Amino acid sequence: METTELLKKLKTIKPDSDYSRKSRMVVLSHGSTRSTGSGRAELTINAENRLPVFSFSFRQIATGVLHSGWSIAMTAIFLLLAIGSFSVLKILSPATTAVVDLTGLKAEAQAIDAQIELTNIEYATAVIENKTSTVSMVLPAANQKAKSKQMKSGLNAAGMESTSTPPTIDSVLEILSE
Amino acid sequence: MLDGEIKLIENAVRGKASAFGLLYDHYQPKIYRFVLIKVGRREDAEDLTHQVFINAWLNISNYKDLGFPFSSWLYRIARNQVIDSYRTRKPEISLEEVDEENFADLGINEKSIENKIQIEHVMKALKGLKEDYQDILVMRFVEDLSVRETAVAVGKSEGAVKLMQHRAIKELKKAFDTLR
């Protein structure tokens, strides 16, 4: 086969149709900003070639400024709100404390303490009574009544004083020894 | 030459995209083929062809003043584009490494295996020639450009093109013989 005939076989090489279509669109869109006057067209093209990145229009700059202005304004508003809310809290704080009655709260707290003390006393007396009953079994029956009365009065006095800690066996025995 | 090409070029120079679109439709496959034979890689050929037409569209106002045939002007842009790409990067797949699998990547829609092998041989043989010889052979025998058109595209005289064509064919025959 002739060499030139073999070369003609390369004619079967064809570009992908999808690529061709897309490329065509992109290529033609490059000239969408061209004006019809030949002199002006050249000027536009040359300007595009020289300044592909920095060629901004007035409109683009204006929108850019507006956008940045908006963002600055929004930031300022947020800052004001943050600072404002802090001071508002400061202003409002006496009002909130005024609403709360401190003396009332104190009295209430004391009342709770007193109730706790009272229940403790009741508990302590119950314990002591139990212990005295056991002691009474040991002591002679004659002295038992008198001593238990004496002890009761004494223990009652001691129970009133020591509200927080219940009386121990040692303390009871000490009282008994008296 | 495309029917009514002169009118289309005039309109394209005036900035009519539709006119340039028609010129694109006619010349794009030819330019793509020319570039692909030279670079040997479909992706590169697509990128370069795309760039050729962008450059052509952006600088079409310069075309009339120089008075070249439109096809020659396009081939000249394509040639310069390929040379620029060689300067910036080396081809990742050389044509010597081209096998049947790579032919699918090159976009050769040839069903006959025999033809595929022949195309492979032609491309390998071409790759062994000088750049100018490759260009002249492809323009003259693949793209059917006239001697004048080829001369304008490669920037040589018509006489020089004829002489180079003769030498290129001899070189190509030698390359075929070594491949067989």
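Asp144(B) is exposed, with 12 other C-beta atoms within 10 Å (12 or fewer counts as exposed, 20 or more as buried, and in between as partly exposed, with C-beta atoms placed from the backbone). You'll find Asp144(B) in the loop between α8 and α9 of chain B. Its phi is positive, about 55°, even though Asp144(B) is not a glycine. Most residues other than glycine have a negative phi.

A word on the model: it is predicted, so local features need pLDDT of at least 70 and side-chain atom pairs count only at pLDDT 80 or more, while totals for chains, interfaces and linings use all residues. Residues are numbered from 1 along each chain as its sequence is written, with chains lettered from A and ligands numbered from 1 in the order in which they are written.

Now for the inside. The largest nonpolar core has 52 residues (buried Ala, Val, Leu, Ile, Met, Phe, Trp, Tyr and Cys, joined through C-beta atoms within 7 Å). Ile31(B), Val35(B), Leu74(B), Ala78(B) and Leu137(B) have the most contacts inside it. Among the elements giving two or more residues to this core are α2 (17-39) and α5 (70-88) of chain B, and α2(B) gives the most, with twelve residues. Helices here are DSSP runs of H or I, at least four residues, numbered from the N terminus. Leaving aside neighbours within four places in sequence, Leu74(B) touches Tyr27(B), Ile31(B), Val52(B) and Ala56(B), contact being C-beta atoms, placed from the backbone, within 7 Å.

The contact of α1(B) with α2(B) involves six nonpolar residues, one polar and no charged (Ala, Val, Leu, Ile, Met, Phe, Trp, Tyr, Cys and Pro are nonpolar, Asp, Glu, Lys and Arg charged, the others, Gly among them, polar).

Definitions and conventions:
Two residues are in contact if their C-beta atoms, placed from the backbone, lie within 7 Å.
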